[in-house]
Amino acid sequence: MWKRCHHNHAFGCTYPLSFCKTGQTVKVQCVHGGEEMKSRLEAMGFLPGADVSIISAHHHGPFIVKVKDSQIALGRGMSHKIQVA
Amino acid sequence: MKKKITIALAGNPNAGKTTLFNNITGARQHVGNYPGVTVERKEGFRDYKDYEIRVVDLPGTYSLTAYSQEEVIARNFLIDETPDVVIDIIDTSNLERNLYLSVQLIEIGVPLLLAFNMSDVAKAKGYQFDMKKLSNLLSVPIVETIGHKNKGTFELLDAVIATYEDMKAANPAIVRYGNDIEEAIREISSVLYEEHRLTSKQAHWVAIKLLESDRDIEKQFMDEKLASVVNRLTSTLEMKLEEPIQTAIASHRYGMISGACTQAVRSTIERRHSVSDAIDMVATNRFLGIPIFLGLMYLVFWLTFTVGAPLMDWLDAGFGWLGEFVSGWWAPGSESALKSLLVDGIIGGVGGVLIFLPNILLLFLAIAFLEDSGYMARAAFIMDRLMHKIGLHGKSFIPMLIGFGCSVPAIMATRTLDNRRDRLVTMMVVPLMSCGARLPIYALIIPAFFPQVWHAPMLWLIYVIGILLAIISAKLLRSTILKGESVPFLMELPPYRMPTIKGIFTHMWERGWLYLKKAGTIILGFSILMWVITTYPQKKDFDRDYDNEIATVEMDEQLTPEEQQEQIATIENAQASEALSHSVAGRIGHVLEPIIKPMGFDWRIGTAMIGAFAAKELFVAQLGIVYSVGEADKDSESLRDKLRENYTPLIGFAIMLFSLISMPCMATVAVTKREANSWKWALFQVAGLTIMAWLITTIVYQVGMLF
């Protein structure tokens with residue numbers, strides 16, 4: 001399972017991006033994973049507070065999301081590591 | 001005397017860097033590699049006013065960390081080679097994300113200039129910019145450009161010169177990281193200032209990088225004293241901030257950017273769904289995605305083979321004419337080693353490869369269209385699920401597709417893969433994608449042994465066997481010698497756009513040129529070598545008196561001229577066959593016979609196989625020589641007759657199977673060596689594929705013999 005977020009969130013619980021459905025818009029809470037992956041995700045705009053809208057959420061395959069005006073495709077594994085609320 | 005200045009182009013992937021680079025430099029370009037790595041380095045020149053400008057295209061990056069090869073290269077270039085001006089090319093329609101790199105460029109302290117590219121797209125999206133304000137907030141000059149319409153290029157060059165003459169670099173401390181982090185930056189800077197004699201600007205940047213725990217910078221500057229300071233500060237900061245420092249730093253950068261954008265950018269229309277989104281709803285749909293993808297692939301191959309066929313015939317005829325024209329320089333019937341070298345060796349060998357140029361260019365054209373339109377990124381996305389199952393990355397699919405054209409550019413295309421293991425596996429299996437050069441082998445063999453109705457399914461079967469073997473090999477490699485966690489899929493999907501004619505032709509040409517270079521260098525060399533080993537040692541005393549036999553036929557007045565010619569050709573061919581058997585190639589073929597016997601092959605096929613190593617398509621020409629049918633090509637009926645006389649359909653199938661799997665051609669081996677940066681992998685590829693080919697073909701032949 002994923003590690004817990006570093007900080008405690010003031011508002012209830014967070015859940016991984018992989019739980020989201022097509023059409024939803026959520027806010028990033030934090031990103032887990034290795035430094036390298038995290039740094040790449042952060043550079044692409046996955047930072048705490050950023051809005052993420054889910055363009056397409058396949059059942060097992062990768063996700064397409066919109067962050068800061070760009071469409072990003074990310075694998076299932078990665079969508080587990082982004083905590084959103 | 002013109003002033004010489006160097007400028008560097010930086011920017012995110014998909015921001016239109018290549019187009020602007022071409023607009024600035026025109027045809028004066030040079031493509032090479034960055035030392036020690038296989039990241040492409042493009043350089044070009046432009047004379048403008050009183051300046052000679054050298055333009056270096058840096059790899060496209062989102063950031064300037066030490067995590068990826070591209071980012072390290074871009075960063076080191078900026079620090080070590082100190083370009084006079086850096087142009088950061090920005091996709092204006094995706095401003096905040098693109099400015100993230102700009103902010104880091106400002107922090108490094110290079111003289112910076114922002115090119116707001118694709119400003120027309122941004123305006124169409126409903127954005128309005130106050131460029132003056134934005135330029136003031138970021139303290140860097142901004143120029144608007146529209147790369148694909150070549151607008152703003154002169155303004156950009158004027159701004160480059162102004163920035164160069166002005167020598168006023170931006171204020172590097174434009175991002176405020178909040179009191180706690182700023183305090184830490186100051187403390188580390190002061191240590192750096194004392195110990196390493198950096199300027200205050202440099203110290204500021206190094207301090208931020210140390211807080212981000214940047215590997216390269218740590219290696220360069222970290223000593224005991226500094227380490228203790230940094231470690232102490234990091235742990236206090238993380239306690240206070242309740243999040244990793246890297247995240248905090250990135251958040252502040254993005255915070256600064258969105259602050260600037262709120263002040264200087266207005267969105268006039270609220271549009272939730274763009275055209276691009278609408279296309280994606282269909283193109284990446286979970287049900288429609290794969291059928292659409294397969295349909296497009298079918299179109300690509302249809303274009304390649306159907307449209308390419310007549311062009312190929314013209315080229316073929318052209319080389320035939322050239323061969324005859326060159327032969328005409330010598331008196332008929334005269335024997336000349338030079339004539340034989342030119343006509344049989346060089347024109348025959350190189351021409352045999354060049355006739356595939358139309359097919360290959362058409363395939364590359366279609367791929368360039370798919371890439372430039374933005375669909376290729378979606379195709380990688382769609383294929384990722386499947387590719388993931390065999391332990392590869394969605395992006396591996398693009399090199400494999402190019403592999404159907406030619407393995408050489410395909411192996412070069414593996415550069416888009418970030419992970420070395422993924423890259424190596426892809427490189428190893430690419431030769432199993434049946435390349436264009438293997439097609440003439442199938443085109444010769446299939447009609448020789450199989451009835452008309454079986455032609456298409458047979459060809460299809462061969463291609464499918466190649467794909468299946470590639471999948472199995474990839475899986476095998478990934479779970480044995482190239483084990484390791486697969487890299488998660490993360491890829492930007494650029495918005496769909498209409499590719500420009502110039503753009504796709506440039507891309508097509510870049511790949512096509514690699515193929516041509518292969519024909520001009522390796523294949524030319526090998527054609528000469530093959531000619532030598534099939535010609536020498538020459539046989540002086542033949543078993544039969546061929547000259548006498550020909551003379552007899554010529555004297556025979558009962559024969560029509562046609563009959564005479566036919567008989568003479570047969571006699572000459574028999575002589576050629578005897579000579580070949582005596583040559584080095586023939587002898588190697590004989591030596592190989594015991595090894596290839598289990599696959600049903602004799603020394604003749606063995607000799608032709610030697611040719612296939614130089615270039616797969618040479619197999620057909622070689623077989624033609626062995627069977628002494630004179631000029632042989634894929635349509636040669638007389639060669640097919642010979643094959644039918646000597647072999648069974650099972651052997652025909654075995655020949656195709658072995659040609660498909662066995663060792664890749666010389667050019668592929670050479671490019672694998674260069675791209676993998678080791679002989680080990682190149683030799684592994686040769687040995688692995690050849691052993692696999694031998695095993696599979698032997699099994700198929702031996703089992704087939706039981707029926």
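This is a predicted model: local features need pLDDT of at least 70, side-chain atom pairs count only at pLDDT 80 or more; totals for chains, interfaces and linings use all residues.
B:Val425, B:Met428 and B:Val429 of H19(B) meet B:Ala470, B:Ser473, B:Ala474, B:Leu477 and B:Arg478 of H21(B). Sorted by class, that contact has six nonpolar residues, one polar and one charged. Two packed helices are described by the angle between their axes and the distance between the axes. Here helix H19 (residues 420-429) of chain B packs against helix H21 (residues 455-479) of chain B at about 145°, and the axes are 9 Å apart. The crossing of H19(B) and H21(B) is right-handed.

Next, look at helix H20 (residues 439-449) of chain B. Eight of its eleven residues are buried, so H20(B) is largely enclosed by the rest of the structure. The buried ones are B:Leu439, B:Pro440, B:Ile441, B:Tyr442, B:Leu444, B:Ile445, B:Ile446 and B:Phe449.

Now for a single residue in another helix. B:Met530 sits in helix H22 (residues 501-535) of chain B. Is B:Met530 buried or exposed? With 25 other C-beta atoms within 10 Å, B:Met530 counts as buried, because the cut-off for that label is 20 or more. Setting aside neighbours within four places in sequence, B:Met530 is in contact with B:Gly349, B:Gly611, B:Ala614 and B:Leu618.

In soluble globular proteins, nonpolar side chains tend to be buried together. The largest nonpolar core in this model has 202 residues, and B:Ile87, B:Leu113 and B:Ala115 have the most contacts inside it. Helix H15 (residues 357-373) of chain B gives the largest share of this core, ten residues. What does B:Leu113 touch, not counting residues up to four places away in sequence? Its contacts are B:Val85, B:Ile87, B:Val140, B:Pro141, B:Val143, B:Ala159, B:Val160 and B:Thr163.

Zooming out to whole chains, chain B has 31 helices and ten strands. Its C-alpha atoms fill a box of roughly 105 × 60 × 55 Å along the principal axes. Chain A has two helices and six strands, and from the N terminus its elements run β-β-α-β-β-β-α-β.

| Chain | Residues | Buried |
|---|---|---|
| Chain A | 85 residues | 51% |
| Chain B | 707 residues | 45% |

In chain A, 55% of the contacts with a separation of 6 or more are between residues 24 or more positions apart. In chain B, 72% of the contacts between residues at least 6 apart join residues at least 24 apart.

How do the two chains meet? The contact takes 30 residues from chain A and 30 residues from chain B. On the chain A side, helix H1 (35-43), strand S3 (51-57), strand S5 (70-74) and helix H2 (76-81) each supply at least two residues. H1(A) gives the most to that side, with six residues. By class, the side of chain A that touches chain B has 13 nonpolar, twelve polar and five charged residues.

Seven strands form an open, antiparallel sheet in the order S1(A)-S6(A)-S2(A)-S3(A)-S4(A)-S5(A)-S10(B). Why is one side of S1(A) and of S10(B) left without a neighbour? Strand S1 (15-16) of chain A and S10 of chain B stand at the edges with a single partner strand each, so one side of each has no neighbour in the sheet. Where the chains join, S5(A) pairs with strand S10 (residues 490-493) of chain B over four antiparallel bridges. One bridge there partners A:Ala73 with B:Met491. Elsewhere in the sheet, strand S2 (residues 25-31) of chain A runs antiparallel to S3(A), joined by three bridges, and A:Val26 stands opposite A:Val52. Helix H16 (residues 375-389) of chain B lies across S5 of chain A and S10 of chain B, at about 145° to S10(B).

Last, a hairpin in chain B. Strand S3 (residues 40-48) of chain B pairs with strand S4 (residues 51-57) of chain B over seven antiparallel bridges. In that pairing, B:Lys42 stands opposite B:Asp57. Two residues lie between S3(B) and S4(B), and B:Lys49 in the turn has a positive phi of about 50°.

Technical notes. Residues are numbered from 1 along each chain as its sequence is written. Chains are lettered from A and ligands numbered from 1 in the order in which they are written. Two residues are in contact if their C-beta atoms, placed from the backbone, lie within 7 Å. Ala, Val, Leu, Ile, Met, Phe, Trp, Tyr, Cys and Pro count as nonpolar, Asp, Glu, Lys and Arg as charged, and the others, Gly among them, as polar. Two strands pair if DSSP finds at least two bridges between them. A nonpolar core is a set of buried Ala, Val, Leu, Ile, Met, Phe, Trp, Tyr and Cys residues joined through C-beta atoms within 7 Å. A residue is buried if 20 or more other C-beta atoms lie within 10 Å of its own, exposed if 12 or fewer, and partly exposed in between; C-beta atoms are placed from the backbone. Axes are lines fitted to C-alpha atoms, for helices over the stretch in contact, and angles run from 0 to 180 degrees between N-to-C directions. A crossing is left-handed if the near helix is turned anticlockwise from the far one by less than a right angle, and right-handed if clockwise.
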